[in-house]
Amino acid sequence: MYAGAKAIFYALSRSATLKRMASRYGMASADSFARRFIAGESITEAIAVGRRLEAQRLLLTLDYLGESVRTMDEATAATREYVRLIDVIVAAGIERNVSIKLTQLGIDVDRATCVDNLRRILDPAARHDVFVRIDMENSRYTQATLDVFETLWQLEYRHVGVALQAYLYRTEGDVRRMNELGARVRLVKGAYKEPATVAYQKKAEVDASFERLMRELLEHGTYPAIATHDERLLAATRAFAGERAIASDRFEFQMLYGIRRDLQASLVAAGYRVRIYVPFGTQWFPYFMRRLGERPANVGFVIRSMLRDR
Ligand SMILES: Cc1cc2nc3c(=O)[nH]c(=O)nc-3n(C[C@H](O)[C@H](O)[C@H](O)COP(=O)(O)OP(=O)(O)OC[C@H]3O[C@@H](n4cnc5c(N)ncnc54)[C@H](O)[C@@H]3O)c2cc1C
(Lines give C-alpha, C1' and ligand atoms only; values in the text may rest on other atoms or scores of the structure.)
Protein backbone atom coordinates (compact mmCIF):
# COMPACT_ATOMS: atom_id res chain seq x y z
CA MET A 1 0.00 0.00 0.00
CA TYR A 2 2.77 2.42 1.03
CA ALA A 3 4.65 2.10 -2.30
CA GLY A 4 1.45 1.27 -4.23
CA ALA A 5 -0.30 4.61 -3.67
CA LYS A 6 2.84 6.48 -4.67
CA ALA A 7 3.03 4.47 -7.90
CA ILE A 8 -0.58 5.28 -8.83
CA PHE A 9 -0.20 9.00 -8.17
CA TYR A 10 3.13 9.04 -9.97
CA ALA A 11 1.40 7.59 -13.06
CA LEU A 12 -1.46 10.10 -12.75
CA SER A 13 1.00 12.98 -12.36
CA ARG A 14 2.08 12.32 -15.97
CA SER A 15 -1.43 12.72 -17.35
CA ALA A 16 -1.77 15.87 -19.46
CA THR A 17 -5.59 15.85 -19.19
CA LEU A 18 -5.54 15.68 -15.43
CA LYS A 19 -2.94 18.42 -15.33
CA ARG A 20 -5.13 20.67 -17.52
CA MET A 21 -8.19 20.04 -15.32
CA ALA A 22 -6.29 20.56 -12.08
CA SER A 23 -4.69 23.76 -13.37
CA ARG A 24 -8.12 25.10 -14.25
CA TYR A 25 -9.71 24.46 -10.85
CA GLY A 26 -6.85 24.10 -8.38
CA MET A 27 -6.02 27.77 -7.81
CA ALA A 28 -9.13 29.41 -9.25
CA SER A 29 -10.42 30.94 -6.03
CA ALA A 30 -9.11 31.73 -2.56
CA ASP A 31 -10.28 28.37 -1.19
CA SER A 32 -9.55 26.12 -4.21
CA PHE A 33 -8.03 22.73 -3.39
CA ALA A 34 -4.41 23.30 -4.42
CA ARG A 35 -4.18 26.24 -2.01
CA ARG A 36 -4.16 23.82 0.87
CA PHE A 37 -0.55 22.89 -0.04
CA ILE A 38 0.58 25.76 -2.30
CA ALA A 39 0.92 29.37 -1.16
CA GLY A 40 -0.19 30.81 -4.50
CA GLU A 41 1.07 31.34 -8.02
CA SER A 42 2.93 34.63 -7.43
CA ILE A 43 5.82 35.80 -5.25
CA THR A 44 3.49 38.36 -3.67
CA GLU A 45 1.14 35.61 -2.47
CA ALA A 46 4.08 33.60 -1.12
CA ILE A 47 5.41 36.60 0.84
CA ALA A 48 1.94 37.19 2.33
CA VAL A 49 1.77 33.54 3.47
CA GLY A 50 5.34 33.86 4.82
CA ARG A 51 4.36 36.86 6.93
CA ARG A 52 1.35 34.99 8.32
CA LEU A 53 3.53 32.03 9.31
CA GLU A 54 6.16 34.28 10.87
CA ALA A 55 3.44 35.88 12.99
CA GLN A 56 2.90 32.35 14.38
CA ARG A 57 6.65 32.15 15.23
CA LEU A 58 7.29 29.65 12.45
CA LEU A 59 10.46 29.82 10.29
CA LEU A 60 10.26 29.60 6.49
CA THR A 61 11.87 28.31 3.37
CA LEU A 62 10.36 29.48 0.07
CA ASP A 63 10.31 27.18 -2.94
CA TYR A 64 9.65 28.53 -6.42
CA LEU A 65 8.00 25.47 -7.96
CA GLY A 66 9.40 23.91 -11.11
CA GLU A 67 11.29 20.77 -12.05
CA SER A 68 12.43 18.62 -14.94
CA VAL A 69 13.09 21.48 -17.35
CA ARG A 70 14.06 20.36 -20.83
CA THR A 71 15.79 23.44 -22.27
CA MET A 72 18.46 25.86 -21.17
CA ASP A 73 16.07 28.77 -21.73
CA GLU A 74 13.71 27.33 -19.11
CA ALA A 75 16.62 26.76 -16.70
CA THR A 76 17.85 30.34 -17.23
CA ALA A 77 14.33 31.69 -16.61
CA ALA A 78 14.06 29.70 -13.33
CA THR A 79 17.51 30.97 -12.26
CA ARG A 80 16.44 34.58 -12.90
CA GLU A 81 13.26 33.99 -10.92
CA TYR A 82 15.31 32.75 -7.94
CA VAL A 83 17.58 35.80 -8.10
CA ARG A 84 14.46 37.96 -8.14
CA LEU A 85 13.02 35.97 -5.23
CA ILE A 86 16.15 36.74 -3.17
CA ASP A 87 15.72 40.48 -3.86
CA VAL A 88 12.03 40.34 -2.94
CA ILE A 89 12.68 38.38 0.28
CA VAL A 90 15.35 40.89 1.35
CA ALA A 91 13.10 43.87 0.52
CA ALA A 92 10.13 42.27 2.34
CA GLY A 93 12.23 41.64 5.46
CA ILE A 94 11.07 38.06 5.88
CA GLU A 95 13.33 35.15 6.77
CA ARG A 96 16.13 34.47 4.31
CA ASN A 97 15.88 30.84 3.26
CA VAL A 98 15.01 29.22 -0.09
CA SER A 99 14.76 25.67 -1.45
CA ILE A 100 15.68 24.69 -4.96
CA LYS A 101 15.67 21.69 -7.34
CA LEU A 102 18.58 21.00 -9.66
CA THR A 103 16.35 19.68 -12.46
CA GLN A 104 14.82 23.16 -12.43
CA LEU A 105 18.28 24.66 -13.05
CA GLY A 106 18.98 22.37 -16.00
CA ILE A 107 20.92 19.40 -14.61
CA ASP A 108 19.27 17.20 -17.27
CA VAL A 109 20.36 19.51 -20.06
CA ASP A 110 23.96 20.27 -19.08
CA ARG A 111 25.63 19.70 -15.71
CA ALA A 112 28.18 22.53 -16.03
CA THR A 113 25.52 25.10 -16.90
CA CYS A 114 23.43 23.87 -13.98
CA VAL A 115 26.39 24.55 -11.65
CA ASP A 116 26.79 28.02 -13.19
CA ASN A 117 23.08 28.69 -12.66
CA LEU A 118 23.33 27.61 -9.05
CA ARG A 119 26.32 29.91 -8.51
CA ARG A 120 24.31 32.75 -10.03
CA ILE A 121 21.83 32.19 -7.21
CA LEU A 122 24.37 31.43 -4.45
CA ASP A 123 26.40 34.62 -5.03
CA PRO A 124 23.60 37.10 -4.31
CA ALA A 125 22.32 34.69 -1.62
CA ALA A 126 25.72 34.90 0.14
CA ARG A 127 25.76 38.69 -0.09
CA HIS A 128 22.36 38.84 1.59
CA ASP A 129 22.85 35.98 4.04
CA VAL A 130 20.19 33.79 2.41
CA PHE A 131 20.49 30.04 3.05
CA VAL A 132 19.90 27.80 0.00
CA ARG A 133 18.71 24.22 0.45
CA ILE A 134 19.00 21.82 -2.46
CA ASP A 135 15.98 19.50 -2.49
CA MET A 136 16.60 15.85 -3.34
CA GLU A 137 14.74 14.45 -6.35
CA ASN A 138 14.37 10.87 -7.58
CA SER A 139 17.26 8.42 -7.30
CA ARG A 140 18.48 9.08 -10.85
CA TYR A 141 19.70 12.42 -9.48
CA THR A 142 21.08 11.47 -6.07
CA GLN A 143 24.72 11.12 -7.10
CA ALA A 144 24.60 14.08 -9.50
CA THR A 145 23.01 16.29 -6.84
CA LEU A 146 25.63 15.35 -4.25
CA ASP A 147 28.44 15.85 -6.81
CA VAL A 148 27.16 19.34 -7.60
CA PHE A 149 26.86 20.04 -3.88
CA GLU A 150 30.45 18.94 -3.22
CA THR A 151 31.72 21.00 -6.16
CA LEU A 152 30.17 24.06 -4.57
CA TRP A 153 31.47 23.11 -1.15
CA GLN A 154 35.03 22.90 -2.57
CA LEU A 155 34.45 26.40 -3.99
CA GLU A 156 33.87 27.52 -0.37
CA TYR A 157 30.12 28.04 -0.57
CA ARG A 158 28.88 27.42 2.97
CA HIS A 159 25.35 28.88 3.01
CA VAL A 160 24.04 25.84 1.16
CA GLY A 161 22.79 22.42 2.30
CA VAL A 162 21.14 19.30 0.87
CA ALA A 163 18.17 17.06 1.58
CA LEU A 164 18.82 13.31 2.08
CA GLN A 165 16.14 10.60 1.88
CA ALA A 166 15.81 7.92 4.56
CA TYR A 167 14.18 5.44 2.13
CA LEU A 168 17.40 5.03 0.10
CA TYR A 169 19.82 2.31 1.24
CA ARG A 170 22.79 4.53 0.38
CA THR A 171 21.81 7.41 2.65
CA GLU A 172 23.69 6.13 5.70
CA GLY A 173 26.95 6.70 3.80
CA ASP A 174 25.78 10.07 2.48
CA VAL A 175 24.89 11.26 5.99
CA ARG A 176 28.34 10.24 7.20
CA ARG A 177 29.97 12.16 4.34
CA MET A 178 27.92 15.31 4.96
CA ASN A 179 28.74 15.13 8.66
CA GLU A 180 32.44 14.87 7.82
CA LEU A 181 32.17 17.98 5.67
CA GLY A 182 30.18 19.83 8.33
CA ALA A 183 27.36 20.40 5.82
CA ARG A 184 23.76 21.01 6.83
CA VAL A 185 21.38 18.15 6.01
CA ARG A 186 17.60 18.09 5.83
CA LEU A 187 16.47 14.53 6.57
CA VAL A 188 13.24 13.43 4.83
CA LYS A 189 11.61 10.03 4.26
CA GLY A 190 11.58 10.46 0.45
CA ALA A 191 8.67 11.36 -1.80
CA TYR A 192 9.31 9.49 -5.07
CA LYS A 193 8.43 6.03 -6.34
CA GLU A 194 11.68 4.06 -6.09
CA PRO A 195 12.46 0.40 -6.88
CA ALA A 196 13.43 -2.17 -4.23
CA THR A 197 16.94 -2.26 -5.71
CA VAL A 198 17.66 1.17 -4.21
CA ALA A 199 15.03 1.88 -1.55
CA TYR A 200 13.11 0.39 1.36
CA GLN A 201 9.50 -0.28 0.34
CA LYS A 202 7.79 -0.80 3.69
CA LYS A 203 6.81 2.08 5.95
CA ALA A 204 8.29 0.33 9.00
CA GLU A 205 11.67 0.00 7.24
CA VAL A 206 11.69 3.62 6.08
CA ASP A 207 10.77 4.79 9.58
CA ALA A 208 13.51 2.68 11.19
CA SER A 209 16.06 4.11 8.75
CA PHE A 210 14.81 7.65 9.45
CA GLU A 211 15.26 7.11 13.17
CA ARG A 212 18.82 5.77 12.78
CA LEU A 213 19.79 8.68 10.54
CA MET A 214 18.12 11.22 12.82
CA ARG A 215 20.31 9.99 15.70
CA GLU A 216 23.46 10.15 13.60
CA LEU A 217 22.64 13.70 12.47
CA LEU A 218 21.69 14.97 15.91
CA GLU A 219 24.86 13.58 17.44
CA HIS A 220 27.40 14.25 14.70
CA GLY A 221 25.76 16.63 12.21
CA THR A 222 25.76 20.39 11.73
CA TYR A 223 22.43 22.03 12.57
CA PRO A 224 20.36 19.24 10.96
CA ALA A 225 16.73 19.63 9.91
CA ILE A 226 14.42 16.77 10.85
CA ALA A 227 11.65 17.05 8.25
CA THR A 228 8.61 14.91 8.96
CA HIS A 229 4.99 15.05 10.15
CA ASP A 230 5.25 11.62 11.70
CA GLU A 231 4.30 11.96 15.36
CA ARG A 232 6.23 8.89 16.41
CA LEU A 233 9.44 10.13 14.77
CA LEU A 234 8.95 13.63 16.16
CA ALA A 235 8.63 12.13 19.66
CA ALA A 236 11.70 9.93 19.05
CA THR A 237 13.70 13.00 18.01
CA ARG A 238 12.65 14.96 21.07
CA ALA A 239 13.43 12.01 23.33
CA PHE A 240 16.87 11.46 21.79
CA ALA A 241 17.75 15.16 22.01
CA GLY A 242 16.68 15.11 25.66
CA GLU A 243 18.69 11.97 26.44
CA ARG A 244 21.87 13.40 24.89
CA ALA A 245 21.30 16.93 26.20
CA ILE A 246 21.23 18.35 22.66
CA ALA A 247 19.84 21.88 22.99
CA SER A 248 16.75 22.80 20.97
CA ASP A 249 18.70 25.46 19.02
CA ARG A 250 21.16 22.89 17.63
CA PHE A 251 18.62 21.44 15.18
CA GLU A 252 15.23 22.27 13.71
CA PHE A 253 12.08 20.51 12.66
CA GLN A 254 10.66 21.13 9.20
CA MET A 255 7.17 20.53 7.83
CA LEU A 256 5.30 21.24 4.63
CA TYR A 257 2.91 24.15 4.25
CA GLY A 258 -0.65 23.03 4.99
CA ILE A 259 0.23 19.72 6.65
CA ARG A 260 -0.27 19.04 10.37
CA ARG A 261 -0.62 22.67 11.43
CA ASP A 262 -1.55 21.37 14.90
CA LEU A 263 1.87 19.73 15.27
CA GLN A 264 3.66 22.80 13.89
CA ALA A 265 2.03 24.98 16.57
CA SER A 266 2.57 22.53 19.43
CA LEU A 267 6.30 22.16 18.66
CA VAL A 268 6.72 25.95 18.61
CA ALA A 269 4.85 26.19 21.92
CA ALA A 270 7.23 23.56 23.35
CA GLY A 271 10.20 25.77 22.41
CA TYR A 272 11.44 24.05 19.22
CA ARG A 273 12.40 25.68 15.94
CA VAL A 274 9.98 24.71 13.18
CA ARG A 275 10.56 25.71 9.57
CA ILE A 276 7.73 25.54 7.03
CA TYR A 277 8.46 24.70 3.41
CA VAL A 278 6.32 27.14 1.42
CA PRO A 279 5.97 26.29 -2.28
CA PHE A 280 4.55 28.75 -4.79
CA GLY A 281 4.41 29.28 -8.56
CA THR A 282 2.42 28.15 -11.55
CA GLN A 283 4.20 24.77 -11.90
CA TRP A 284 2.52 23.23 -8.89
CA PHE A 285 1.01 20.05 -10.38
CA PRO A 286 3.84 17.48 -9.77
CA TYR A 287 4.40 18.75 -6.22
CA PHE A 288 0.67 18.60 -5.55
CA MET A 289 0.43 15.02 -6.87
CA ARG A 290 3.25 13.91 -4.55
CA ARG A 291 1.26 15.25 -1.60
CA LEU A 292 -1.80 13.26 -2.72
CA GLY A 293 0.33 10.12 -3.16
CA GLU A 294 1.49 10.37 0.45
CA ARG A 295 -2.06 10.40 1.72
CA PRO A 296 -4.70 9.12 -0.70
CA ALA A 297 -7.41 10.34 1.72
CA ASN A 298 -6.56 13.82 0.41
CA VAL A 299 -8.27 12.92 -2.87
CA GLY A 300 -11.66 13.23 -1.13
CA PHE A 301 -11.17 16.89 -0.34
CA VAL A 302 -9.94 17.58 -3.90
CA ILE A 303 -13.04 16.00 -5.44
CA ARG A 304 -15.38 17.82 -3.04
CA SER A 305 -13.66 21.10 -3.81
CA MET A 306 -13.79 20.55 -7.61
CA LEU A 307 -17.50 19.75 -7.50
CA ARG A 308 -18.11 22.90 -5.48
CA ASP A 309 -16.05 25.12 -7.83
CA ARG A 310 -17.64 23.96 -11.08
C1 LIG B 1 10.22 20.41 4.86
C2 LIG B 1 10.15 19.20 3.97
C3 LIG B 1 10.95 19.15 2.85
C4 LIG B 1 10.92 18.02 2.02
N5 LIG B 1 11.81 17.92 0.98
C6 LIG B 1 11.88 16.76 0.30
C7 LIG B 1 12.90 16.54 -0.67
O8 LIG B 1 13.78 17.37 -0.91
N9 LIG B 1 12.90 15.35 -1.35
C10 LIG B 1 11.97 14.37 -1.09
O11 LIG B 1 12.03 13.31 -1.70
N12 LIG B 1 10.98 14.56 -0.19
C13 LIG B 1 10.92 15.72 0.51
N14 LIG B 1 9.94 15.89 1.46
C15 LIG B 1 8.80 14.94 1.52
C16 LIG B 1 9.10 13.72 2.36
O17 LIG B 1 10.03 12.91 1.71
C18 LIG B 1 7.81 12.92 2.64
O19 LIG B 1 7.29 12.46 1.42
C20 LIG B 1 6.74 13.69 3.37
O21 LIG B 1 7.29 14.49 4.37
C22 LIG B 1 5.70 12.75 4.02
O23 LIG B 1 6.32 11.93 4.93
P24 LIG B 1 6.24 12.09 6.53
O25 LIG B 1 7.63 12.14 7.05
O26 LIG B 1 5.42 13.23 6.92
O27 LIG B 1 5.67 10.70 7.03
P28 LIG B 1 4.36 9.88 6.63
O29 LIG B 1 4.50 8.57 7.31
O30 LIG B 1 4.14 9.89 5.16
O31 LIG B 1 3.19 10.72 7.30
C32 LIG B 1 3.08 10.88 8.70
C33 LIG B 1 1.79 11.68 8.98
O34 LIG B 1 1.92 12.99 8.44
C35 LIG B 1 0.70 13.41 7.85
N36 LIG B 1 0.92 13.60 6.41
C37 LIG B 1 2.02 13.26 5.69
N38 LIG B 1 1.87 13.62 4.40
C39 LIG B 1 0.66 14.18 4.30
C40 LIG B 1 -0.06 14.75 3.21
N41 LIG B 1 0.46 14.79 1.98
N42 LIG B 1 -1.29 15.24 3.45
C43 LIG B 1 -1.84 15.21 4.71
N44 LIG B 1 -1.19 14.69 5.77
C45 LIG B 1 0.03 14.19 5.58
C46 LIG B 1 -0.30 12.35 8.16
O47 LIG B 1 -0.92 12.68 9.39
C48 LIG B 1 0.55 11.10 8.30
O49 LIG B 1 -0.04 10.12 9.10
C50 LIG B 1 9.99 16.97 2.31
C51 LIG B 1 9.20 17.04 3.45
C52 LIG B 1 9.28 18.12 4.29
C53 LIG B 1 8.45 18.12 5.54
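This is a predicted model: local features need pLDDT of at least 70, side-chain atom pairs count only at pLDDT 80 or more; totals for chains, interfaces and linings use all residues.
I started with Glu150, which is buried at a relative accessible area of 18%. My cut-offs are under 20% for buried and over 50% for exposed, with partly exposed in between (1.4 Å probe, protein chains only). Residues are numbered from 1 along each chain as its sequence is written, and side-chain values use heavy atoms, with hydrogens and water left out.

**Entry: Glu150's partner**

I looked up what Glu150 pairs with, and found a salt bridge to Arg177 at 2.8 Å, N to O. This term covers a side-chain nitrogen of Lys or Arg within 4 Å of a carboxyl oxygen of Asp or Glu. The pair joins distant parts of the chain, with Arg177 in helix α7 (residues 171–181) and Glu150 in helix α6 (residues 142–154), 27 residues apart. Helices here are DSSP runs of H or I with at least four residues, strands are runs of E with at least two, and both are numbered from the N terminus. Arg177 comes out as partly exposed at 31%.

Arg177 also meets Glu180 in a salt bridge, at 3.1 Å, N to O. Both of these residues sit in helix α7, 3 residues apart, or about one turn of the helix. Glu180 is exposed, with a relative accessible area of 60%.

**Entry: other charge pairs**

I checked the total next, and the structure holds 24 salt bridges. One of them ties Arg35 to Glu45 at 3.0 Å, N to O. Arg35 is in the loop between α2 (16–25) and α3 (43–55) while Glu45 is in helix α3, 10 residues apart, and the pair links distant parts of the chain. Glu45 counts as partly exposed at 29% relative accessibility.

I also noted a network of salt bridges that links Lys189, Lys203, Asp207 and Asp230.

**Entry: positive phi**

Which residues have a positive phi without being glycine? Arg57 is one of them, at about 65°, and Tyr223 is another, at about 35°. I wrote these down because most residues other than glycine have a negative phi. Arg57 sits in the loop between α3 and β1 (59–64) and is exposed at 61%. Tyr223 sits in the loop between α8 (203–220) and β6 (225–227), but Tyr223 is buried at 16%.

**Entry: the whole chain**

I counted 12 helices and 8 strands. The radius of gyration is 19 Å, close to the 19 Å from the globule rule for 310 residues, so the protein is as compact as a globular protein of that length. That radius is taken over C-alpha atoms, and the rule is 2.2 Å times the number of residues to the power 0.38. The C-alpha trace spans about 55 × 45 × 40 Å along its principal axes.

Buried residues make up 53% of the 310. Of the contacts (heavy atoms within 4.5 Å) with a separation of 6 or more, 72% are between residues 24 or more positions apart.
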